[in-house]
Amino acid sequence: MRLRYTLNRRDLFSAGSHALIHQKLTWIFLLAMMAIVGWSTFTNERNRDLPMFVRFLSAAITAGLCAGIGMAGGIVLTGAQAFLRNDTGVLGEHTLEITDDGLVESTEVNRSLSNWRTRFRIQKIRRYAFIYISATNVYAVPRYRAPFEGSVDEFLAALQERIQRQQQNDPENGSRVH
């Protein structure tokens, strides 16, 4: 089964923002930074004479603002990367194909194979489907516009079925479908 579609800069920005917001490491880092900034504000020498509630509130507001600024900065960098880079093979037409050997992704400059022992994970949101071939490498497939060839939902169902069949044959594979 084959799926041909195109990715544009808006797709790269949307997929990058989604990845940034849903990446576990981002949240671990943000929570750690919020704890450090919050504790630093709470224990600051200038705040020691304030009532406990005011100290706690100012620490929470400061930590929240820092986290918000950090996420906004990440999204700005994602936007700059999506709209300013000129990566041949990332923008433009992509082809995904389910073969006996695995999932093949092709562009005008690249062809890659993820064999069936890959720990695939499929995630669907309203406008996109994400096919993870590793924790940080993903194929973003737009769902909001029709592909050149194939159907996104039918392709994902066939891929899901193939992954599940592989799991039955090789339970240590560990692929997950969401």
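Val141 touches Leu3, Tyr5, Leu96, Arg127, Tyr128, Ala129, Ile131 and Val152, leaving out residues up to four places away in sequence; contact here means heavy atoms within 4.5 Å. The structure is a predicted model, in which local features need pLDDT of at least 70 and side-chain atom pairs count only at pLDDT 80 or more, while totals for chains, interfaces and linings use all residues. Residues are numbered from 1 along each chain as its sequence is written, and side-chain values use heavy atoms, with hydrogens and water left out.

Val141 also belongs to the largest nonpolar core, which has 19 residues. A nonpolar core is a set of buried Ala, Val, Leu, Ile, Met, Phe, Trp, Tyr and Cys residues joined through side-chain atoms within 4.5 Å. Buried means under 20% relative accessible area, exposed over 50%, and partly exposed in between (1.4 Å probe, protein chains only). The members that touch the most others are Leu96, Leu103, Ile131, Val141, Phe155 and Leu159. Two or more residues of this core come from each of β1, β2 (92-98), β6, β7 and α4 (152-169), with the largest share, five residues, from α4. Apart from it lies another core of five residues, including Ala15, Tyr128, Phe130 and Ala140. Helices (H or I, at least four residues) and strands (E, at least two) are DSSP runs, numbered from the N terminus.

Next comes the largest pocket, with a volume of about 1,200 Å³. Of its 44 lining residues, Ala19, Thr136, Asn137, Val138 and Tyr139 are the closest to its centre. A pocket is an open set of points on a 1 Å grid over the protein atoms alone, where a 1.4 Å probe fits, with protein on both sides within 12 Å along at least five of seven lines; lining residues have an atom within 4 Å of a point. Grid points are joined across faces, edges and corners, and the volume is the space filled by probe spheres set on the points. Helix α1 gives the largest share of the lining, eight residues.

Two further residues complete the picture. Met71, in helix α3, counts as buried because its relative accessibility is 15%. Met71 touches Leu20, Ile21, Thr26 and Leu30, not counting residues up to four places away in sequence. Thr107 sits in the loop between β3 and β4 (111-115) and counts as buried, at 16% relative accessibility. Beyond its neighbours within four places in sequence, Thr107 is in contact with Gly89, Glu93 and His94.
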